[in-house]
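Please keep the structure in view while going through the points.

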Amino acid sequence: MSVILPVAQRGEDILRLKAARVADAEFNSDWLMQLASAMIATMLERSGIGIAAPQVYISKRVIIVASRPNLRYPDAPEMDAVVMVNPEILEQSDVAVLGEEGCLSVPNERGLVARAETIKVRYFTLQGELVETIFHGFPARIVQHEIDHLNGILFVDCLSA
């Protein structure tokens, strides 16, 4: 059984730091595997569709993206959870789409944020394998939201007027 971690809330300093890269020596380590497992369990426990390590008080560049319909996002598309280590957006479409976002670290608040419709992302798996892939629509929104967390940005900083 995985551990459910506490989630940092808006106003806590950890959410404003630029997270550190995961070092080569940390790939495939027990601690990285346990972190990913606990992040997934915490995200599911709170009906999240994504989570970033800084949200669970670990200032490392690890995110999980797991779009699926739930109470908070009933129209979300279904996808398997993807753990991304040291993710980077390589390219993004000029087309931006306005969509409603919420955040486990900003409870009971939602707002409209403009995000690129399509993004090309490079990241590493927990084992250290390099992956490049393209995300469209709602999953692309989640990736952008979670990468923002790694850079100390909350969705409330990006709200459209």
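Tyr73 is buried, with a relative accessible area of 8%, in a model that is predicted. Arg110 lies over the face of the Tyr73 ring, at 4.7 Å from the ring centre.

**Aromatic pairs**

- The count of aromatic pairs in this model comes to 2.
- One of them joins Phe27 and Phe124 in a tilted arrangement, with 5.5 Å from centre to centre and 50° between the planes; this pair links distant parts of the chain, since Phe27 belongs to the segment before helix H1 (30-45) and Phe124 to strand S6, 97 residues apart.
- Phe27 itself is buried, at a relative accessible area of 12%.
- The rings of Tyr73 and Phe138 have centres 5.5 Å apart and planes at 55°, so this pair is tilted.
- Tyr73 sits in the loop between strand S2 (62-65) and strand S3 (82-92), whereas Phe138 is in helix H2, so that the pair links distant parts of the chain, 65 residues apart.

**Strands S3, S6 and S7**

- Strand S6 pairs with S3 in the antiparallel sense over 5 bridges, and Val85 stands opposite Phe124 of S6.
- Strand S6 also pairs with S7, again in the antiparallel sense, over 7 bridges, and here Tyr123 has Val131 in S7 as its bridge partner.

- Thr125 is placed in the loop between strand S6 (118-124) and strand S7 (130-136), and it counts as buried because its relative accessibility of 15% is under the 20% cut-off.
- Apart from neighbours within four places in sequence, Thr125 is in contact with Phe27, Val85 and Val131.

**Gln144, in helix H2**

- Gln144 is found in helix H2 (residues 137-150) and is buried, with a relative accessible area of 7%.
- A polar atom of the Gln144 side chain lies 2.9 Å from the backbone oxygen of Ala116.
- Leaving aside neighbours within four places in sequence, the residues in contact with Gln144 are Ile89, Gln92, Arg115, Ala116 and Ile119.

Terms used:
Residues numbered from 1 in each chain as written. Predicted model: local features only at pLDDT ≥ 70, side-chain atom pairs only at ≥ 80, totals over all residues. Heavy atoms only, no water. Helix = DSSP H or I, 4+ residues; strand = E, 2+ residues; numbered from the N terminus. Buried < 20%, exposed > 50% of the residue type's maximum accessible area, 1.4 Å probe, protein only. Polar contact = N/O pair within 3.5 Å; in protein donor to acceptor, adjacent residues only side chain to side chain. Contact = heavy atoms within 4.5 Å. Phe/Tyr/Trp six-rings, centres within 6.5 Å; stacked < 30°, edge-to-face > 60°. Lys NZ or Arg CZ within 6 Å of the ring centre and 35° of its normal. Pairing = 2+ DSSP bridges.
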